[in-house]
Amino acid sequence: MDFSLSPEQDAFRERVRAWLNENIPRDWSRRVMASAEVPRAEAYQFLRDWQRKLFEAGFIGLTWPKEYGGGGLTFVEELILHEEMALAKSPQVLNILGVGMAGPTIIAYGTEEQKKRYPAKILSCEEIWCQGYSEPNAGSDLASLQTRAVKDGEYWVINGQKVWTSLAHIADRMMLLARTDTDVPKHKGITYFLLDMRLPGVTVKPLRQITGDPEFNEVFFDNVRVHESEILGGLNNGWQVGLTTLMYERLALGFGLQVRLRIALDGLIELARRMEKEGRVLTKDPIMRQKIAQLWIDTECLKYLGARAITRLLKGEIPGPEASIGKMIWVETHQKLQELAMEIEGPYSQLARGSDWAVEGGVWQYTFLRSRANSIEGGTTEVQKNIIGERILGLPKG
Amino acid sequence: MDFGFSQEQEMLRATARKFFENECTSTVVRQRMEEPAGVTDDFWTKLAEQGWLGLVLPEEYGGVGLGIVDLVVLMEEMGRVVMPGPFMATLLGGLAILEAGSADQKKEWLPRIANGDAKATLAWTEPSARWDAAGVAATAKPAGDGFILSGTKLFVLDAHLADVTVVVTRTAESKTAEQGLSLFLVPKGTPGFEAKLLPTMDQTRKLCEVSLRDVRVPKSALLGPKDGAWAPLSRLLERATVALCAEMCGGAQKVLEMTTEYAKIRVAFGRPIGSYQGVKHRAADMLVDVENAKSLTYYAAWAVDEQVPESALATSMAKAYASDAFRKVSAAGIQLHGGIGFTWEHDLHLYFKRAKSSEFTFGDATHHREKVAQLINL
């Protein structure tokens, strides 16, 4: 057991730290946060530019093979990068679905042509990706999806609808799961398409969510013609390819999640230092101290859980229980954190952006509301618990 | 970076698991817990032969010279079988002598501890029930060529068995509670020293009241610098706390396994109960508690071994989490077993009770969360 880094890894950390220190725009959070008055388009442009900068410095796609534009490094460097980004309060990576999911899946299943065509533009943020999995009648039970693709010569004609599609309104490409065979069991008739979002017949409608923001969308397909060369991983093999994507999702997003949690926790502690309850600063309140300390423990725990998962990967072992429970722990901790932020604000938690009295411009109200989706998106907590019960503990299916 | 156990450590785990499955069955545990000693000479000798009584003691004193990470592996296995006996007590006493003792004192006691000839313990807490410096009210006053010890110690592990008890006393009133503490070696049979065994909810863990009625000890009984016991005490407490956390992880892991196996075979309404989400989801929650407790404990073990500045924080994080986790997991184990889990016949109550005694040993979750709050400058 050894948590220390090699001299090369230490040097990498120094390099990342120095670069971030020099390149993070000081006022970025005000410019990008939902509470700000800046139009969203400008915020997206800012994040696009930021990822481009990270890419040019060689900090995006660290674990990807070099031949596809990646860094050819290990998950340790990936972890270091994310830790440093957290410490530096860095903006997030905009094309996270591309970097975390589409890219690795294409590298795993793609034809040579696909591998040359897509991954590099994902890293540079030239092409933003979204994920076309969930439908109005297929969420947790994803395999029952109904979007159809019917063959017409060299083309497949897509009809149907996706929903909860984050980033679809700015995306260039979609990881699309569609039904290509209705005569076989539901898992066996699905195909994975790399869909051009600008094709005729694709309509994106923003879906206003609990926060009031249209962060995700409905996507409609009306006779969209996709060339067969855009199939990834073979006809009717989409379920397997799609599951691979989900595995990468947990892995890749996992690093970022712990980091986001730590940033939020630091912010919460600062908030607690400023707010008072019945004449006493909240960090001096014994019950509040208990709650914050527990959040600290849970947040650190997630880091060690990640380290255990990385160790297994580095040793060439398959991910153990720690990989599967990470998402669930993150969700519980983050929702607890956001609820505590409301408790700290007390009566002020009622005031939202737009009020001069709102604490920190109402940003916590946004993140609090947004956190409700955490236990639904990317696999509900209930489904995660089924997976843990059945795949890790070996309990029988219901 | 490597957050895993070495091949040697995995071998230690395999050896220990097999040993305890043979030597420390439920029948054995139940026999020992009914008896005052909680251990047989034969079993203790076998632990010594395995090298486990001196696992973390230096080789020059007859030990194996391994670290806390290795000890964690062994403690997890001991926790799986709710091993009774004075192992933790002797670890505490041995670590106190190792951390504070002179070369002569170490030479006198540590080889005998490692080879199983001597058992030891540490008498720290008192009726105030505080695992900190301020809780120490027992005194040691200079008298002639030695000291006279007075006071009452409570919750002392296995003092009735100990050949030597390390007693924490106050020798000076100072500005801070941490200053002015001293340790003394009190061998068994010293006049005025009395260890009274107390009935405990967790019968596998024997606790004593230790009365110090004008116990006269020579100057040579002073262990470490006079008035300067806090530094060695806090070091040994960190190490022992991590060891206890590992034991708790082992117990919780075993409860999870027992419960999962039961949920696969127990049928209700025509289906194994594990197929119902009400059971399955609670089992998943148990797994999360167990895995988190392990992650924090393993990190703390490494931090303590490497003496990184964060070791005190890591230790408190682990104990805060493990205290809650073992309690919750063992309670869920009983619930998911239903009526059988509530019986004396089933082993679950042994784990449930061990969880409770471990929770308050070396400070409970509330105590350690407050320590975390202090250490992160809240």
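This is a predicted model: local features need pLDDT of at least 70, side-chain atom pairs count only at pLDDT 80 or more; totals for chains, interfaces and linings use all residues.
1. Overall form of chain A. The secondary structure of chain A consists of twelve helices and ten strands, and the C-alpha trace of this chain spans about 75 × 50 × 50 Å along its principal axes. The radius of gyration of chain A is 22 Å, which agrees with the value near 21 Å that a compact globule of 398 residues would have. Buried residues account for 43% of the 398 residues in chain A, and, of the contacts in chain A between residues at least 6 apart in sequence, 68% join residues at least 24 apart.

2. Overall form of chain B. Chain B comprises eleven helices and ten strands, and its C-alpha trace extends over about 80 × 50 × 40 Å along the principal axes. For 378 residues a compact globule would have a radius of gyration near 21 Å, and the 21 Å of chain B agrees with this. In chain B, 56% of the 378 residues count as buried, while 75% of the contacts between residues at least 6 apart in sequence join residues at least 24 apart.

3. Domains of chain A. The division of chain A is into domain 1 (7-123), domain 2 (129-236) and domain 3 (241-392). Taken over C-alpha atoms, the centres of domain 1 of chain A and domain 3 of chain A are separated by 21 Å.

4. Domains of chain B, and the contact of domain 1 with domain 2. Chain B is likewise assigned domain 1 (7-114), domain 2 (120-227) and domain 3 (231-375). The C-alpha centres of domain 1 of chain B and domain 2 of chain B are 23 Å apart, and the contact between these domains takes 21 residues from domain 1 of chain B and 18 residues from domain 2 of chain B. On the side of domain 1 of chain B that touches domain 2 of chain B, the elements giving two or more residues are α2 (26-34), α5 (87-100) and α6 (103-114) of chain B, and α5(B) gives the most to this side, with nine residues. By residue class, this side of domain 1 of chain B divides into 15 nonpolar, six polar and no charged residues.

5. Contact between the chains, seen from chain B. The contact of chain B with chain A takes 37 residues from chain B and 39 residues from chain A. On the side of chain B that touches chain A, at least two residues each are supplied by α7 (230-265), α8 (277-306), α9 (311-337) and α11 (365-375) of chain B, with the largest share, 14 residues, coming from α8(B). The residues on this side of chain B comprise 22 nonpolar, nine polar and six charged.

6. From α9(A), the residues Arg289(A), Gln290(A), Ile292(A), Ala293(A), Gln294(A), Trp296(A) and Ile297(A) meet Thr366(B), Arg369(B), Glu370(B), Val372(B) and Ala373(B) of α11(B). The residues of this contact of α9(A) with α11(B) are six nonpolar, three polar and three charged.

7. A buried glutamate. Glu84(A) lies in helix α4 (residues 75-87) of chain A, and this residue counts as buried because 22 other C-beta atoms lie within 10 Å. Leaving aside residues up to four places away in sequence, Glu84(A) touches Arg13(A), Val16(A), Arg17(A) and Leu20(A). Glu84(A) and Leu340(A), which are 256 residues apart in sequence, are 26 Å apart in space, C-alpha to C-alpha.

8. Lys89(A), a residue other than glycine, has a positive phi, near 55°, and is found in the loop between α4 and α5 (96-109) of chain A. With 13 C-beta neighbours inside 10 Å, Lys89(A) counts as partly exposed. Trp164(A), which is not a glycine either, has a positive phi of about 60°, and the place of Trp164(A) is in strand β3 (residues 155-166) of chain A. Trp164(A) counts as buried, with 21 other C-beta atoms within 10 Å.

Terms used:
Residues are numbered from 1 along each chain as its sequence is written. Chains are lettered from A and ligands numbered from 1 in the order in which they are written. Domain bounds come from an automatic or database domain assignment. Two residues are in contact if their C-beta atoms, placed from the backbone, lie within 7 Å. Helices (H or I, at least four residues) and strands (E, at least two) are DSSP runs, numbered from the N terminus. Ala, Val, Leu, Ile, Met, Phe, Trp, Tyr, Cys and Pro count as nonpolar, Asp, Glu, Lys and Arg as charged, and the others, Gly among them, as polar. A residue is buried if 20 or more other C-beta atoms lie within 10 Å of its own, exposed if 12 or fewer, and partly exposed in between; C-beta atoms are placed from the backbone. The radius of gyration is taken over C-alpha atoms; the globule rule is 2.2 Å times the number of residues to the power 0.38.
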